[in-house]
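Here is a short briefing to read alongside the coordinates.

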Amino acid sequence: MSAAVPREQPAGWRAATLGSRIARMRLGVAVPSGRFRFSVILLGAIVVFAVLGPIVLGRDDPLKIVGGLYDPPSKAAWLGTDNFGRDVFTQLMHGTRTSLVIGGIAGAVATAIGVVLGTVAGFRGGLVEEALMGLTNVILTIPSIVVLILLSIAVGNRSIVTMAIIIGVTSWPWTARAIRAQTSSLRTREHVDIARMCGAGTLSLIAWEILPFMLSYVVLAFVLQMASGILQEAALSLLGLGPGDGTISLGIMLHWSLRWESVRTGAWWAFVPPTVLLTVIAFSLLLLQSSMDEFFNPRLRRK
Amino acid sequence: MTRFQRYLLFKTIWFILAFFAALAANFFLPRMIPGNPVDAIVARLAAGGTEARALQRVHETFVREFNLDQPAWKQFLTYLGNLAHGDLGTSFAIYPAPVRDLIADALPWTVALQLPAILVGWLVGNILGAIAAYRGGWFDRGAFVSSLFVSAVPYYCLAILLLYGLTVHWPIFPSSGGYSYNRSPEWSWSFIGDALHHYWLPFFSLVLIFIGGQAVGMRSMAIYELGSDYVGFARSLGVPDNRVVRYVFRNAMLPQVTGLALSIGVLAGGALITEIVFSYPGIGTVLFSAIRQNDYPVIQGVTLIVLIMVLFSNFLVDVAYGFIDPRIRAAQRGER
Amino acid sequence: MWVADLVAAYATASGRDIRAVDGVTFDVQEGEVLGIVGESGCGKSTLASLLALVPPRSLQMLGGRFGIDDHVISPETSDRIPREWRGKLVALLPQRAMNSLNPTARIGDFAFDVLRAHESRVTRRQAIERARQRLEQLALPPRVLESYPHQLSGGMRQRVVTVISTLLNPKVLIADEPTSALDVSSQKALVLLLQRLLDEGYISRIIFITHDLPLLSNIADRIAVFYAGKIVEIGPTKQIVDEPQHPYTRALISSTLVPEPRVRCQRLEGLPGAPPDLRMPPPGCRFHPRCRYATDICAREEPPLTADGDDRLVACWWANAQRQNVEGGTHESRAAVGLA
């Protein structure tokens, strides 16, 4: 999944200033692309499905047993039942909701850590930067799934929030790297110097002179982190290290369907829906990210 | 000291540091439970329905192997000492099988699956991305969107769909394992043929994903390089396009090599789950059953092996980069 | 080399073309250095890319033609220019020579690629030997052939780029702001190198494009002043510098040749405003909104390039009027102009 992470870009060429961006908008060049609209519509539909679906359809208990082992789709159970005889469609709605919540929290945690470490490293420079980026690179090299497995063993009872935090604290390094590169190219801008001469401290410099100029960047990072958070959760749950207490997530659905051999017995309704849904969620987030990236960085646009 | 030697030295020191960081992480992370770790683990096993005799065994093993009455740093030293002797502990579930043997049986399958998949995926993906960047037009649009889609498909999802499609719905490939049930591993042509027959599906499901991710990255690198000044200058002197494109690909390739080093970890982690889906007899499947049975020594053994393999291949890629990048190589010969 | 009524425009998304080169005519004689000077954004670099046969994809040649010896480029043939013409017939000395070399190739390998592109039978050894000889003749160290670009200083990189772009002895060298990123001593070294290439006969003409008029007055035989895609004045360097006729030329000279603070302030007075938006150039003379001598006719009709003396052309109603006055015998007004 190397595409799910921001690549290191030659420093500076992303640095479209707010001013020039606004100028482009005025010229009417920066019309959101079809891909952008498509991904927003797709994501909107997924959120409605996960949040409003259970309420509108009155299916609030994904653990209720409604049939036997792998009952095929019927009028009562639109997507059949799983290995415990639970309704797959209901599970799908609740599972999507869990995935979105975990992805959102994990994405926010990872982006926050990445932005803080990245701006501090990029802004302070010198030894602080060396140390922080050394740490980042070491953590980057270690497969996050391994750290996630080790952490999940340590934390016995995992709620949705603990899962999200565990995922968040292991996936910030890409963001930290990207934000650092961006900060150190912004640091030498004139407006920063002027603010410093006016007596602004490090914190307020970062808050007022650096961060506003990479808001687009932070948003992009968050979208990527959310996508990777959702996929990480699904991978962990698939391994059997997902949230406990009867929570349903798309990964947990896959876990049970693999353990109970739904694939080899041909019970496609147990594993195809969560698989497709995970793919669609990840794809629409990546599409959103790449179309926003092209919008903010016209150099990526082909002439 | 030449720049190349400095580069090697730096990478070696970095590798050693990262290695110990990985060891420490592998040791301390699972022990972050408050209170006596053994009691906590035993309590969880008991809640999971493990029988009393096994619990007793777990307790004894832990105390004996890890000097649990000692302070944490002494335990860590003991752990390092055991590792130095190649001792990864004893499995709870398959008592008293040494973890080392379990992993040694599974590891060749994992390496045989992942190494070719990563190399082939990297190569094909980069070629595809470079062609897309150069050709532009419909080829670019098609290749880009489908690469984006393929790279957005979680590897396990693609694996599950391929498994269903090509073994159950259209039974072209065998549905599980690394070889047929009625066989046991041996060095014979017929066994190798059988193993290859089981190999293709997990291999392709990994390769497809790698291709997608690499192609997307290479495309944007190559587009960036195509717009650079040296391309314009070479063209203005009449250097033919195929020659210029070679410069571009080479230069766009260099960051892709570093990118490979950084993404090996992600790739390796993903491949573990692919093994689980296909019940491939590698360490991913070992890990899956260990997690199901709360077999902590095996889990930790597998994570350790994965960490070491990933760090080592990282190191190799970094050293190879030193040879590939002519700027570092030139420094090696003492040219200024 | 000659250029006749050349017109080229960029297509934009809004559908309104940007005519960056609009009816340009001049010629360059054998052994001559023609300087082209103007503010940034006036179309100089667009002209350079056209003449060097490497126009950007969005640039369209709309009219006119230009030629070197018996090779002629017209709008019909502009997208089918043989690759071999580039480098052999005309070569470009690019704006940012710092980044113009492939960072992962040795200079010698690049020299080989350039020679090989035009002589398919040349071997690597022969190519490098030729490059070595050329460097030695120009008193540059041949060891640079073994180096990667990052191992050379900025000035040396610029000289190496110059040597490589003239390796095939092109008929015309188009130097597009080659000095803008260099310090003064490297600028001087580059100018001397170009002079030497010309003297030794490796190249026969140079078109030197810059915004740096003082530098140009040292190297150019003639100077063309470019404003908003058009030539407003062209003539021998001495005449242009000593007796500029067009108000824009005057403004350029007074702002650059006398680097005193007082005069610099005058420039702000003397040349208000910014170059026009080339999507909507002003009617009549394109300089009239900024010109202190502008009259009614300037806003209505475009001034033609008219001869002033033997080899000078000026496109200005006011200058025409002045000249007629001078010819009529009123010497006072000429003195007044000189003081202005």
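**Confidence in chain C**

Chain C of this predicted model has an average pLDDT of 84, and 91% of its residues score at least 70. The model as a whole comes with an ipTM of 0.84 and a pTM of 0.76.

- A friendly caution: where pLDDT is low, the predicted coordinates should not be read in detail.

**Where chain B touches chain A**

- This contact involves 42 residues from chain A and 56 residues from chain B.
- On the side of chain B that touches chain A, several helices of chain B each supply at least two residues, among them H1 (3-28), H8 (189-226), H10 (241-277) and H12 (296-324).
- H10(B) gives the largest share of that side, 11 residues.
- Sorted by class, the side of chain B that touches chain A holds 37 nonpolar, 16 polar and three charged residues.

**Helix H4 of chain B**

- Helix H4 (residues 72-84) of chain B has 13 residues, so at 1.5 Å a residue it should span 18 Å; its end C-alpha atoms are 18 Å apart, in agreement.
- Just after H4(B), B:Gly86 adopts a positive phi of about 75°.

Methods. Residues are numbered from 1 along each chain as its sequence is written. Chains are lettered from A and ligands numbered from 1 in the order in which they are written. This is a predicted model: local features need pLDDT of at least 70, side-chain atom pairs count only at pLDDT 80 or more; totals for chains, interfaces and linings use all residues. pLDDT is the predictor's confidence in each residue, from 0 to 100. Two residues are in contact if their C-beta atoms, placed from the backbone, lie within 7 Å. Helices (H or I, at least four residues) and strands (E, at least two) are DSSP runs, numbered from the N terminus. Ala, Val, Leu, Ile, Met, Phe, Trp, Tyr, Cys and Pro count as nonpolar, Asp, Glu, Lys and Arg as charged, and the others, Gly among them, as polar. The expected span of a helix is 1.5 Å times one less than its number of residues.
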